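Please open the model in your viewer and keep the selection tool at hand. The tour below goes from one selection to the next and says what is to be found at each stop.

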Amino acid sequence: MSKPDKKSRDAEKVARRRQSLTQAAITVIARKGLPGVTLADVARQAGCGYGLVSFHFETKDRLLLAALDALVEEYRAAWHARSDPHDDATAKLEALIDLDLGSDVTDDRHIAVWTAFWAETSRNADYRARFSELNRAYLARLEPLISALAQKEPPAADYRLVAGGLSAIFDGLWIESQIGDGHGEADWARARAICRTYLRAFFPKSFGTETSQRP
């Protein structure tokens, strides 16, 4: 094996190990919250020794930041996978609603971790920067879709306000999902119906069909 090949294989091995450790950290955060996480907890969850976690991340802060970055990238990838295949704005928005409320990347476990990091943004500049950038990117994706609907059905409000309102509804529904014992499919179906009802108030032709009214 040539040196470049070995170097590439070693890099892939390190990347896989780091990924497994960040996923283990996400699982532990969902269970214990940020303050309760230790490197030893993550090592146990990953089925490896403490030294391996320490070798790859050195400190808890670095591990937590890597876990947040992994969460962001997983969510970004899901954005594209869910909405990009669709051609029209209504279908893309439908896909985003389904993604944001009860999908495999926005189930109770994932949202518990998002909420844990979210709660620390006022005290942690790195977390705050990640959330600010993600929010800007989210609105940059959402606003053109709302704008496209507004071209066909001019709403009674600026399309950017409509997009901001939908984003705020998503945030509120995420927080609501953490109250009590979590959400089952019926709860997520209700949450998705709330978003479609909101959009139907502005765009009844685009969101007034039986398909768009489905919970």
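**First stop: a pair of helices**

Select helices H5 and H9, and look at how H5 passes H9 in a right-handed crossing. The model is a predicted one, and every value on this tour is computed from it. To pick out the two helices, take residues 89-100 for H5 and residues 185-202 for H9; their axes lie 9 Å apart and the helices pack at an angle of about 150°. Because angles over 145 degrees count as roughly antiparallel, H5 and H9 are described as roughly antiparallel to each other.

Next, show the side chains where the two helices touch, selecting Glu-94, Ile-97 and Asp-98 on H5, together with Arg-192, Cys-195, Arg-196 and Leu-199 on H9. By residue class, this contact of H5 with H9 comprises four charged and three nonpolar residues, with no polar ones.

Is Arg-196 buried or exposed? With a relative accessibility of 0%, Arg-196 counts as buried, while Asp-98, at 23%, counts as partly exposed.

How many salt bridges does the structure hold? There are 15 salt bridges in the structure, and one of them is found by selecting Arg-130 and Asp-69, whose side chains meet at 2.9 Å, N to O. Arg-130 sits in helix H7 (residues 125-152) and Asp-69 in helix H4 (residues 60-83), so that this pair, 61 residues apart, links distant parts of the chain. Both ends count as partly exposed, Arg-130 at 26% relative accessibility and Asp-69 at 27%.

Now move to Arg-123 and Glu-120, whose side chains also meet in a salt bridge, here at 3.1 Å, N to O. Arg-123 is exposed, with a relative accessible area of 60%, whereas Glu-120, at 22% relative accessibility, counts as partly exposed.

**Last stop: a network**

Finally, select Glu-94, Asp-98, Glu-185, Arg-192 and Arg-196 together, as salt bridges that share partners join these residues into one network.

Notes
Residues are numbered from 1 along each chain as its sequence is written. This is a predicted model: local features need pLDDT of at least 70, side-chain atom pairs count only at pLDDT 80 or more; totals for chains, interfaces and linings use all residues. Side-chain values use heavy atoms; hydrogens and water are left out. Axes are lines fitted to C-alpha atoms, for helices over the stretch in contact, and angles run from 0 to 180 degrees between N-to-C directions. Helices (H or I, at least four residues) and strands (E, at least two) are DSSP runs, numbered from the N terminus. Angles under 35 degrees count as roughly parallel, over 145 as roughly antiparallel, 65 to 115 as roughly perpendicular and the rest as oblique. A crossing is left-handed if the near helix is turned anticlockwise from the far one by less than a right angle, and right-handed if clockwise. Contact means heavy atoms within 4.5 Å. Ala, Val, Leu, Ile, Met, Phe, Trp, Tyr, Cys and Pro count as nonpolar, Asp, Glu, Lys and Arg as charged, and the others, Gly among them, as polar. A salt bridge is a side-chain nitrogen of Lys or Arg within 4 Å of a carboxyl oxygen of Asp or Glu. Buried means under 20% relative accessible area, exposed over 50%, partly exposed in between (1.4 Å probe, protein chains only).
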